[in-house]
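Please look through the sequence and the model shown here.

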Amino acid sequence: MPIDKKILKISDEELVLQIAESNNSDLFEIIYDRYANLVYHKCLSFVKSKSEAQDLAHDIFIKLFVSLKTFNGNSKFSTWIYSITYNYCTNYVTRDKQSKNIQRDADFEMLVDTIDDDILDEDILSMNANKLNVALDKIDTKEKMILLMKYQDELSIKEIMKVLSLGESAVKMRIQRAKFSLIEAYRN
């Protein structure tokens, strides 16, 4: 159905009201044309991949069409669409990072299972004290803290669990990761 040229000139807010009342996807194309570039570029600023940004923008416009009736006019429509875009992209990136962290942790656990803990301890104990202090200063503060708890303060795994409010496997994994970081920093 051809769109009346007068409709092209009405405000976003009026257009949204008409779309919400009629559920007219042809009218939604006007909103799409007005904001597609803005939404796409905002998505691109989050993900850096053109195809991924296009997918995100597509998903956002579907979400917008479905939720147009919830637009209450308390803010400008452009502010509302920006907010939806920003929140959608933020949630997407957060989920993606969590997914990658879970995979990295799983890969690390597989690696840790193949390494004898005593070998790492021997490596650390054989380090030159001065170089060891330099290496400790180069690793992440949390890694340094957990190593000092274990080796300097001689806390048990259970005691470290209580101090850090973590489970046993999490404490063991963090200690292993810290050992690897320390050995790598020491070698460099």
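A search of the whole structure finds zero disulfides, a disulfide being a pair of cysteine sulfur atoms within 2.5 Å. This is a predicted model, in which local features need pLDDT of at least 70 and side-chain atom pairs count only at pLDDT 80 or more, while totals for chains, interfaces and linings use all residues. Residues are numbered from 1 along each chain as its sequence is written, and side-chain values use heavy atoms, with hydrogens and water left out.

Cysteine 89 is accordingly in no disulfide, with the sulfur of cysteine 43 as its nearest cysteine sulfur. Cysteine 43 has a relative accessible area of 0% and is therefore buried. Here buried means under 20% relative accessible area, exposed means over 50%, and partly exposed lies in between (1.4 Å probe, protein chains only). Cysteine 89 also counts as buried, because its relative accessibility is 0%.

Now take the chain as a whole. The protein chain holds nine helices and zero strands. Both kinds of element are DSSP runs, numbered from the N terminus: helices are H or I runs of at least four residues, and strands are E runs of at least two. Read from the N terminus on, the order of elements is α-α-α-α-α-α-α-α-α. Of the 188 residues in the protein chain, 30% count as buried. The accessible surface of the chain comes to about 12500 Å², and 52% of that surface belongs to carbon and sulfur atoms. Such areas come from the Shrake-Rupley method with a 1.4 Å probe; for residues, only the protein chains shown count as cover. Contacts, meaning heavy atoms within 4.5 Å, can also be sorted by distance along the sequence. Among the contacts in the protein chain with a separation of 6 or more, 60% are between residues 24 or more positions apart.

The next topic is a pair of helices. Two packed helices are described by the angle between their axes and the distance between the axes. Helix H1 (residues 12-22) packs with helix H2 (residues 25-47) at an angle of about 145°, and their axes are 9 Å apart. The axes are lines fitted to C-alpha atoms, for helices over the stretch in contact, and the angles run from 0 to 180 degrees between N-to-C directions. Which residues make the contact? From H1 they are Asp12, Leu15, Val16, Gln18, Ile19 and Ser22, and from H2 they are Leu27, Phe28, Ile30, Ile31, Arg34 and Tyr35. These residues divide into eight nonpolar, two polar and two charged. In this grouping Ala, Val, Leu, Ile, Met, Phe, Trp, Tyr, Cys and Pro are nonpolar, Asp, Glu, Lys and Arg are charged, and the others, Gly among them, are polar.

Two members of that contact can be followed further. Aspartate 12, in helix H1, is buried, because its relative accessible area is 12%. Leaving out residues up to four places away in sequence, aspartate 12 touches Ile31, Arg34, Tyr35 and Phe77. Phenylalanine 28 lies in helix H2 and is buried as well, with a relative accessible area of 9%. With residues up to four places away again left out, phenylalanine 28 touches Ile19, Phe61, Leu64, Phe65 and Leu68. Phenylalanine 28 and leucine 64 are 36 residues apart in sequence, and their C-alpha atoms are 9.5 Å apart in space.

Not counting residues up to four places away in sequence, lysine 63 touches Ile84 and Tyr88. Isoleucine 84 is 21 residues from lysine 63 along the chain, with 8.7 Å between their C-alpha atoms.

Threonine 85 has its place in helix H4 (residues 77-113). With a relative accessible area of 2%, threonine 85 is buried.

Leucine 164 belongs to helix H8 (residues 157-164). Leucine 164 is partly exposed, with a relative accessible area of 23%. Apart from its neighbours within four places in sequence, leucine 164 is in contact with Met145, Ile146 and Met149.
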